[in-house]
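I opened this entry to keep a record of what I looked up in one structure, going from the whole chain to single residues.

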Amino acid sequence: GLVISVVLGFILSSTITTPIASLTQKAEKLALGQFDQEINVRSDDEIGKLTASFNYMSSELKRTLDEIASEKNKIETILFHMTDGVMAFNTEGNVIHANPASKKMLGLKDIEALTFDELFEKIRLKISIEELLYLEGWKTLEREINYNGRHLKAFFATSKIEKEKVGGVVVV
């Protein structure tokens, strides 16, 4: 009786732990960005339902990330080919985007190496990122720039990453 109990216990425990171990392994791969993870559903119990949910989550995550990548590519293409200069800075003042038109207008090829304060000090415009981070709502700040014999109008606005949380500053 003891031998039969041990054998049945081993079989029962392996039918529970094997799918969980497989699910854990696939979840780790999913966390590393391998979104093509799918596990065969072998039962209709809670583990089978969990496996089916994992497969659904994996496919939805892959679909959503593909959509985001497509939208990101569209926006990058638009910004790249715009004739208006567009620059974006994070809240620390580091450049996160500068399209070719902005570099051409300012005559600076290394905009990415400058911070917000360094860039606008270089083109002799007295403005700091701190005063812009507290603009309310969709308000913009307009400034005129005279640099390298060019007269430019710059519009500064904050970008939001959440309803109330500022993600940085956009300059057009």
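**Ground rules.** I am working with a predicted model, in which local features need pLDDT of at least 70 and side-chain atom pairs count only at pLDDT 80 or more, while totals for chains, interfaces and linings use all residues. I number residues from 1 along each chain as its sequence is written, and side-chain values use heavy atoms, with hydrogens and water left out.

**Overall form.** I looked up the secondary structure and found 5 helices and 5 strands in the protein chain, taken as DSSP runs numbered from the N terminus (helices H or I, at least four residues; strands E, at least two). From the N terminus on, the elements run α-α-β-β-α-α-α-β-β-β. The radius of gyration is 27 Å, well over the 16 Å that the globule rule gives for 172 residues, so the protein chain is more spread out than a compact globule; the radius is taken over C-alpha atoms, and the rule is 2.2 Å times the number of residues to the power 0.38. Along its principal axes, the C-alpha trace spans about 95 × 30 × 30 Å.

Of the contacts (heavy atoms within 4.5 Å) with a separation of 6 or more, 34% come from residues 24 or more positions apart.

**Core.** Which residues have the most contacts inside the largest nonpolar core? They are Phe-116, Phe-120 and Phe-156, in a core of 27 residues; such a core is a set of buried Ala, Val, Leu, Ile, Met, Phe, Trp, Tyr and Cys residues joined through side-chain atoms within 4.5 Å. Elements that each supply at least two residues of this core include α4 (116-122), β3 (140-147) and β4 (150-160).

I then turned to Asn-55, which is found in helix α2 (residues 46-81) and counts as buried because its relative accessibility is 12%. Leaving out residues up to four places away in sequence, Asn-55 touches Gln-37, Glu-38, Ile-39 and Val-41. Leu-50 also has its place in helix α2, but at 47% relative accessibility Leu-50 counts as partly exposed.

Key:
Buried < 20%, exposed > 50% of the residue type's maximum accessible area, 1.4 Å probe, protein only.
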